[in-house]
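Subject: Structure handover

Hello,

Here is the structure I said I would pass on. My notes on it follow below.

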Amino acid sequence: MNINIIGRQVHVTDDLKELVAKKLSKFDRYFPKGADATVTFRRVRDNECMEITISVVGTLFRAEESSADFRTSLARCIDVIEGQIRKNKTRLEKRMKSSFAAAEAAMAVQGEPVEEEGEFDIRTKTFPLKPMTPEEAILQMNLLGHAFYVFADADTGDTCIVYKRNAGAYGLIVPEKKEG
């Protein structure tokens, strides 16, 4: 697994980098060789925050945890990602074919049984996609009391999403333009 470590206003020591590499190496048996992991360290107030994102065959696994120290945050993130793998094992097997078949036995031996998520119950909702600015979309989202809002960007015509972030700020998701 390729590991990219980022320290946001924090110096990441070599022993912490080695610990991250050691802990993430346990996922090598689940993923094919092309897996990439990004580990971000940051300090928020008195908490040490860590975010781990693993990208493999177009699937993202993500965990973000805060605690008094980075080692505890790392352990929690590893547990969260392992739980995501166990919970969605069947769907992931279909998507990634044989890479999970070998790991299934290892997971069964390792720990307590985890109930897999059943079929998705998907509710469909339609609504008019109105052209507006991101600021107008945030206003509309807040008026509706929603956590996100889908809209057509008035300048580009792209379908975009605004959302409320955990820290109280807002986020904007814009589709990536493919060249070619």
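In the hairpin of strand 3 and strand 4, 2 residues stand between the strands, and Val57 takes a positive phi near 45°. Strands here are DSSP runs of E with at least two residues, helices are runs of H or I with at least four residues, and both are numbered from the N terminus. Val56 stands opposite Thr59 in strand 4.

Before the rest, a note on the source. This is a predicted model, in which local features need pLDDT of at least 70 and side-chain atom pairs count only at pLDDT 80 or more, while totals for chains, interfaces and linings use all residues. Residues are numbered from 1 along each chain as its sequence is written, and side-chain values use heavy atoms, with hydrogens and water left out.

Strand 1 and strand 2 pair in the parallel sense, over 7 bridges, and Gly7 has Phe41 of strand 2 as its bridge partner. Strand 2 and strand 3 pair in the antiparallel sense over 9 bridges. Along that pairing, Asp36 stands opposite Ser55 and Val39 stands opposite Ile52. The hairpin of strand 2 and strand 3 has 2 residues between the strands, and Arg45 there takes a positive phi near 55°.

How many aromatic pairs does a search of the whole structure find? The search finds 1. The pair is Phe41 with Phe70, edge-to-face, at 4.9 Å centre to centre and 85° between the planes. Phe41 lies in strand 2 and Phe70 in helix 2 (residues 70–87), so the pair ties together parts that are 29 residues apart in sequence. The rule used is that rings of Phe, Tyr and Trp (its six-membered ring) pair if their centres lie within 6.5 Å; planes under 30 degrees apart count as stacked, over 60 as edge-to-face and the rest as tilted.

Strand 6 and strand 7 run antiparallel and are joined by 5 bridges, with Phe148 opposite Tyr163. Their hairpin has 5 residues between the strands, and Gly157 takes a positive phi near 80°. Strand 7 and strand 8 also run antiparallel, joined by 4 bridges. Here Tyr163 stands opposite Gly171, and Val162 opposite Leu172. This hairpin has 5 residues between its strands, and Gly168 in the turn has a positive phi of about 100°.

The largest pocket holds about 420 Å³ of space. Of the 14 residues that line this pocket, Arg42, Glu64, Arg165, Asn166 and Ala167 are the closest to its centre. Strand 2 (36–44), strand 3 (47–56), strand 4 (59–67) and strand 7 (159–164) are the elements that give two or more residues to the lining. By class, the lining has 4 nonpolar, 3 polar and 7 charged residues.

The second largest pocket has about 290 Å³ of space. Its lining includes Lys125, Pro128, His146 and Tyr149, and divides into 6 nonpolar, 1 polar and 1 charged. Strand 6 (residues 148–153) gives the largest share, 3 residues.

The terms are as follows.

- Pocket: on a 1 Å grid over the protein atoms alone, an open set of points where a 1.4 Å probe fits, with protein on both sides within 12 Å along at least five of seven lines; lining residues have an atom within 4 Å of a point.
- Volume: the space filled by probe spheres set on the points, with grid points joined across faces, edges and corners.
- Classes: Ala, Val, Leu, Ile, Met, Phe, Trp, Tyr, Cys and Pro are nonpolar, Asp, Glu, Lys and Arg are charged, and the others, Gly among them, are polar.

Regards

Key. Two strands pair if DSSP finds at least two bridges between them.
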